[in-house]
Amino acid sequence: MRIVAFFVLFFGLIGCRESVQPTLVDKPVEVRRPQSFPPFEFPADNRPTALRIQLGRQLFYDTRLSSSNAIHCGSCHVLSAAFTDGRATSPGIAGIAGRRNAPTLANVAWMKRFMMEGGVPTLETQALAPLHDSLEMGTNMMRAVHRLNEDGDLKALAKAAYGRDSIDPFVVTRALACFQRTFVSGDSRYDRFLLGQKDQINEHELRGRDLFFSERTQCGSCHGGVFFTDMEYHNIGLYAVYSDEGKARATHLPGDVGKFKTPTLRNIQLTSPYMHDGSIASLEEVIAFYNRGGEPHINRDVRVRALQLSKQECDDLLAFLMTLTDWNFVQQKDLLPLER
Amino acid sequence: MNKVFLLLAVMIALVIASCTNEPEQTVIPASKATVRFSALWEGQPFEMQQVYTDAFGNRLRADGFLNFISLITLVKDDGSEVLIKDYALVNFYNANEITAEVPAGKYTTLKFGIGVPRDRNKDQDPAQYPSSSVLSVAGSQGMFWVWNTGYIFAKFEGKCDTTGTDGAELLTPIAIHAGDDASYREFVSQSFSIDLTGISKTFDVKLNVDQIFSPVNGNDVNIALQAITHTSTNPDLATNFMDNYLAALTFVP
């Protein structure tokens, strides 16, 4: 028995000497959540841990994920712009071939389905999409995984985080999702106001708030709840003829043409340009659009119609939308690339 | 130390016990069924990179032709079903054979799906399958959409010339990517009676590719008019392609 013990010790020591790195020890972490946000259940196979989030953070900013080795997730989802990119449309993304505007990733953990037609069921599966420039996926993810596996440190990190011997599509999709679920934004002036800090909002902004949630504008009926979205799909009459058919792309139903997922309005001041195709440059113009009532389209939601808002009322609405910016979120260092 | 001996003794006893339990049986050869998929153009093996002229006078060449075939099943004379293979990626041009041992008995029908059945198609996570599975990211070889989850059931890619000019270079791309639940088709053979007890038998399924690109089955897949679909971008072409595909399958038991 003693001999056996000796051998175990001996090989154990050899094993230790071979690995140059300090052992990576993982631990579960709590993702901070504002009081007003509903609890969020992480998927059973992807509960948050320190190393999973770290791995996801590294991958999010890793150009090896792109076939050109030139872009990473953070190229189109830039923290200072609440994870959007300031461009009308982003070139070369799966299936939309540069026809869509990069959406914010703030609070993605709570979103029900992903992409503007809601075709993707989980944040994990969504991560497969951006890795491909054409309509289909498969080979690019495999190439990316191949390149990543040449990086010993990253491999060790992946092993410690997910217990798998190599970096595979499972690890990449899980880690990216895990990191993205830490994009929590709920500390705007309006949130503080709701928590009782009445001085955070002035009268002008309050009038805007009342208008926003009024029967008259109906803004709040679609952009409602803590995330300022009903997570449903609507046609707001942006066009009389849609070249991007939105939800109908997935369902082929004529009644779904021009329907897009209601975007959150949190941090809206930072996420210009607006709409699925980035066709509206400023918030003033968005409000002017709603005031006119949209283009005639058979699927246009009845709530979008000419509003007859005065100049003052438009300004009030705008002022309210500006209270939804969370300045702490966009400066959160642990959401930026790791400094090496 | 005593414990170790006890453990050893138990293990030896177990080994002996398992040896004496060996059943004494006369060996009946296993019954085996092979389903072989191959593609033909006017009766000859259909080859990649070779130029063919279709019924509309278009000249075309295939660079790739990949298909999901699922739930390949043999039905016994008592109505019970024997699954040969759940999901397979079949490229047709390298005769693809799928073999399985089956219970002895008489069989009457062969059936399979073209595509991936509804319960495995939408809202699935291909990253969750081991890479040995054809439904996984690696195994599916790109036969998957991501902006709207779902597998591509049949992918025919190549080039064509639809100007009717002899010898002209083939420049127009063909990319028919048919998928989505509505594109799923089920092939059910005419009935037969074959006793597979103790024998190996190959069932030949042939796809007459020329019939897909022709009006004989009632649906025009005329690449001069339209040669590209990602299903959602041109659902009619995908539907016609799948309907013709099903009709272009022949099976002689």
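Mentor: Axes are lines fitted to C-alpha atoms, for helices over the stretch in contact, and angles run from 0 to 180 degrees between N-to-C directions. Please keep in mind that this is a predicted model.

Trainee: By what quantities are two packed helices described?

Mentor: Two packed helices are described by the angle between their axes and by the distance between those axes. In chain A, helix α2 (residues 50-60) packs against helix α6 (residues 152-162) at about 140 degrees, and the axes are 8 Å apart.

Trainee: Are α2(A) and α6(A) parallel or oblique to each other?

Mentor: Angles over 145 degrees count as roughly antiparallel. The helices α2(A) and α6(A) are therefore oblique to each other. Their crossing is left-handed.

Trainee: Which residues of α2(A) and α6(A) meet?

Mentor: From α2(A), the residues are A:Leu51, A:Arg52, A:Gln54, A:Leu55, A:Gln58 and A:Leu59. They meet A:Leu154, A:Leu157, A:Ala158, A:Ala160, A:Ala161 and A:Tyr162 in α6(A). Divided by class, this contact of α2(A) with α6(A) has 9 nonpolar, 2 polar and 1 charged residues.

Trainee: At what angle do α2(A) and helix α7 of chain A cross?

Mentor: The axes of α2(A) and helix α7 (residues 169-180) of chain A cross at roughly 100 degrees and come within 7 Å. This angle makes α2(A) roughly perpendicular to α7(A). On the side of α2(A), the residues that meet α7(A) include A:Arg52, A:Leu55 and A:Leu59, and these residues also meet α6(A). Among the residues on the side of α7(A) are A:Val171, A:Val172, A:Ala175 and A:Phe179. The contact of α2(A) with α7(A) comprises 10 nonpolar, 2 polar and 2 charged residues.

Trainee: Which domains does the assignment of chain A give?

Mentor: The domain assignment gives domain 1 (20-185 + 331-335) and domain 2 (189-322). The C-alpha centres of these two domains of chain A lie 28 Å apart. In contact are 31 residues of domain 1 and 27 residues of domain 2. The area buried between the domains is about 2300 Å², of which carbon and sulfur atoms give 55%. On the domain 1 side, A:Arg99, A:Met116 and A:Glu117 lose the most area to domain 2, together 24% of what that side buries.

Trainee: What should be noted about the backbone at A:Pro273 and at A:Met231?

Mentor: A cis peptide bond joins A:Ser272 and A:Pro273, with omega about -10 degrees. The residue A:Pro273 is placed in the loop between β2 (260-261) and α12 (283-292) of chain A. At A:Met231, phi is positive, about 60 degrees, although this residue is not a glycine. The loop that holds A:Met231 runs between α10 (219-222) and β1 (233-234) of chain A.

Technical notes:
Residues numbered from 1 in each chain as written. Chains lettered and ligands numbered in written order. Predicted model: local features only at pLDDT ≥ 70, side-chain atom pairs only at ≥ 80, totals over all residues. Heavy atoms only, no water. Helix = DSSP H or I, 4+ residues; strand = E, 2+ residues; numbered from the N terminus. Parallel < 35°, antiparallel > 145°, perpendicular 65-115°, else oblique. Left-handed = near helix turned anticlockwise from the far one by under 90°. Contact = heavy atoms within 4.5 Å. Nonpolar A, V, L, I, M, F, W, Y, C, P; charged D, E, K, R; others polar. Domains from an automatic or database assignment. Buried area = accessible area lost by both parts, 1.4 Å probe.
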